[in-house]
Amino acid sequence: MTPTVPPSATPTTSADVTVAAPPLPVTPAGADRSPDLSAPVRAARAAGTAGAVPAASRRRGRLMLGLAGLAVLLLAVSLLAIAVGARQVGLGVILDALRHQQPGNSDHEVVINRIPRLFAGLLVGVALGLSGTIMQAVTRNPLADPGLLGVNGGAAFAVVCAISLGGITSALGYVWFAFAGALAVAVLVYAIGAVGGGGATPVKLALAGAAVQAAMLSATTAVLLTDTATFDQFRFWSVGSLAGRRPELVAELAPFVAVAALPALCSGRLLNALALGDEVARGLGQRVGVARAGVAGLAVVLCATATSIAGPIWFIGLLAPHLARPFTGPDHRWILPYAALIAPILLLASDVLGRVIARPGELQVGVVLAFLGGPFLIALVRRQRMAEL
Amino acid sequence: MSTSSMSTSAATVRPGPAPASGDMSAAARARSAAELDAAARAAVVRARRVRDARQVGVILTLAALCFCVLCVSLSLGEVKIPVLDVVRTLIGADEGGDGYIVTSIRLPRALTGVLAGAAFGMSGAIFQALLRNPLASPDVIGITDGASAAAVIAIVGFGLGGYPVSVVAFVGALVTATIMYLLAWRRGVTGYRLVLIGIAVGAMLSSVISYVMTISKVYEARQALGWLTGSLNAKSWDTVRPLGLALAVLVPLVLLSGRRLAVLRAGDDVARALGVTVERSRLALLLLGVALTAVATAAVGPVAFVAFTSGPIARRLVVDGEAAILPAALVGALVMTTSDLIGQHAIPSIDFPVGVVTAIIGAPYLLWLLAATNRTGRGG
């Protein structure tokens with residue numbers, strides 16, 4: 001049962017593999033309609049089957065090295081995230097504070113206070129990176145992103161209802177509403193986008209997402225207009241930020257990310273099978289419906305958790321897998337860990353950037369990411385020939 | 001919706017005689033071809049007559065409905081004025097004391113609603129026809145976001161209000177649309193690219209709005225939120241005059257270019273074959289659509305879903321589908337005035353802005369429409 005492992009694929013199945021492997025950056029979204037573009041992949045697969053075991057293991061070594069490099073980078077960015085701020089802290093002080101904190105030392109206080117924010121960033125990053133990758137694989141759509149698919153809008157509306165109607169004021173309280181809202185909207189958008197011939201094409205999904213987002217936004221506004229106190233709370237949530245996240249909130253939500261991230265990380269083989277298209281996946285012995293619902297559920301839990309910690313954050317789920325693929329190729333067993341490391345690096349770096357460029361205040365990470373991700377999406381749309389309207 | 005198929009079939013039937021089978025004599029072939037030709041012509045003429053009659057009927061009905069809602073909304077309020085008196089005042093026959101309330105207080109508000117609704121409806125119909133997607137209205141693809149971001153910055157950042165905000169919003173919409181068009185340009189502009197780039201630009205702009213909201217005082221932010229919802233409150237003749245003037249210029253242009261729109265709906269290749277300069281016509285129509293959106297948004301704020309819903313409703317009503325611009329305008333006006341009527345009077349103690357009502361009506365319709373268009377395979 002090794003459905004889609006590239007090296008072991010025989011030439012006959014490799015044709016199918018190339019036909020449907022969608023998320024290669026050079027491959028158009030309607031990949032199943034233009035198999036010729038993925039010729040390099042086919043060539044690579046053919047080389048793999050030719051018995052070049054050393055090449056495969058060298059490749060694996062290179063990928064492992066890449067992962068290690070990313071981990072080091074993540075560590076560096078994490079230290080930067082603790083060091084940079086309204087008050088700069090040196091590396092020596094950070095290490096000192098982590099080893100034995102002195103209660104009276106104000107530098108140590110600063111370090112300790114920045115740690116929850118760091119952990120929030122790590123959790124949100126990992127969650128969004130994984131959920132973006134899964135959504136792109138499951139929808140076979142290079143544009144899938146929790147934000148673009150309207151999930152954020154659903155979570156936002158639910159949070160507003162929780163604050164305004166339920167009188168819930170703590171983030172711990174409205175987490176569950178964010179969850180429910182995100183889940184409901186994700187199902188709705190996908191159901192709408194997938195109705196009709198051709199399944200969930202990029203344009204159908206993007207429009208369904210944007211339209212549902214608009215609907216949710218209007219509903220949210222309707223509630224906010226009548227309730228200024230809720231609006232005052234909501235406007236800081238809705239921008240997407242890591243500032244002032246309390247340790248209890250992070251501690252409460254960390255288990256969700258952990259529980260969902262582990263199976264998500266291991267779902268690479270399943271995603272590879274699903275990426276081949278329903279028929280092929282079924283032929284390879286997958287129970288397509290169950291498998292898709294399972295991984296999509298993981299993705300929604302991850303992105304709902306992230307949204308309830310940091311508020312709606314756009315584009316990072318879109319960016320991370322796209323940045324991973326030039327290194328990893330289309331194999332999801334590698335894309336997942338890469339995206340899980342790249343996303344927190346991006347998130348923490350954007351957070352630091354937002355703190356640096358808007359001194360003495362800060363630009364929220366959601367805004368920074370929108371301005372990094374928006375141009376990226378535009379470039380992606382301009383470069384690829386996607387299914388015509 | 002048989003829209004594009006109808007216009008293409010009409011186009012293909014008209015020019016040439018129908019092909020006849022090979023083994024007939026020349027005379028018989030010519031006669032049967034002539035008969036077929038005549039039959040086809042007759043069918044087309046008949047279909048056109050039915051269509052035109054239906055179109056006129058729909059337009060008259062919608063206009064009458066609009067007028068009725070208008071009169072009702074003029075008669076309701078703190079002071080109840082009988083509908084007959086309202087009508088008498090409108091045609092200038094009433095000199096009574098209630099005339100002042102109607103003409104100076106309620107009429108500007110109602111007229112603003114009619115005009116802005118018509119503008120939204122027309123621009124939605126233009127965009128949906130041009131981009132050949134029933135969901136691609138200016139509020140979904142980010143043009144209204146440009147107006148909103150500019151207006152929010154003006155309100156919060158510079159403390160502006162009233163007329164200057166409208167000007168800023170107008171400019172914001174135009175600039176955003178220009179940027180989107182340029183970004184989508186790559187040896188021509190295709191609908192899907194414009195849609196996706198519009199969504200990306202819209203996402204960036206809405207993050208700007210969120211950010212500006214967080215750095216402002218809650219009072220100013222609340223004011224900005226009010227503008228973002230869109231409202232007809234406190235509209236006077238000073239709003240109606242520029243709005244009416246702009247529409248007086250734009251509407252004739254739009255109606256003149258309606259034929260080109262119908263051809264463009266059939267697809268670029270068909271349009272080119274029929275002798276339409278595709279890229280230039282598309283640019284001109286996009287400009288008109290953007291101008292209409294910008295004018296209406298500047299006047300009343302980005303009222304949700306009016307542009308979005310008017311086109312599909314209108315096309316459904318006229319059955320045939322030219323882009324149905326005039327019916328879409330009337331539907332827009334009707335939706336706007338009815339929503340405002342509901343918002344003002346449905347719950348006596350609360351005065352909901354019109355944008356809230358259109359959203360509550362529009363959102364479920366949108367969801368239904370999304371599912372329906374995807375089912376018939378026209379969602380993209």
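I call a residue buried under 20% relative accessible area, exposed over 50%, and partly exposed in between (1.4 Å probe, protein chains only).

**Ground rules.** I am working with a predicted model, where local features need pLDDT of at least 70, side-chain atom pairs count only at pLDDT 80 or more, and totals for chains, interfaces and linings use all residues. Residues are numbered from 1 along each chain as its sequence is written, chains are lettered from A and ligands numbered from 1 in the order in which they are written, and side-chain values use heavy atoms, with hydrogens and water left out.

**Entry: one serine.** I looked up Ser339(B), which sits in helix α14 (residues 325-345) of chain B. Helices here (H or I, at least four residues) and strands (E, at least two) are DSSP runs, numbered from the N terminus. Ser339(B) counts as buried because its relative accessibility is 1%. I then listed its contacts (heavy atoms within 4.5 Å). Beyond the neighbours within four places in sequence, Ser339(B) touches Val354(B), Val357(B), Thr358(B) and Ile361(B).

**Entry: the two chains.** Chain A has 16 helices and zero strands; for chain B I noted 15 helices and zero strands. Of the 389 residues in chain A, 57% are buried, and of the 380 in chain B, 54%. I also looked at contacts between residues at least 6 apart in sequence: in chain A, 75% of them join residues at least 24 apart, and in chain B, 74% do.

**Entry: a helix check.** I took helix α13 (residues 288-310) of chain A. The expected span is 1.5 Å times one less than the number of residues. Its 23 residues should therefore span 33 Å, and the end C-alpha atoms are 33 Å apart, which agrees. After α13(A) comes Gly311(A), with a positive phi near 85°.

**Entry: where A meets B.** The contact takes 53 residues from chain A and 50 from chain B. How much area is buried between chain A and chain B? About 4300 Å², with carbon and sulfur atoms giving 76%; this is the accessible area (1.4 Å probe) that the two parts lose on being put together, summed over both. The elements giving two or more residues to chain A's side are α7 (171-194), α8 (202-225), α9 (228-237) and α16 (365-383). The largest share, 15 residues, comes from α8(A). I sorted chain A's side into 33 nonpolar, twelve polar and eight charged residues. Here Ala, Val, Leu, Ile, Met, Phe, Trp, Tyr, Cys and Pro count as nonpolar, Asp, Glu, Lys and Arg as charged, and the others, Gly among them, as polar.
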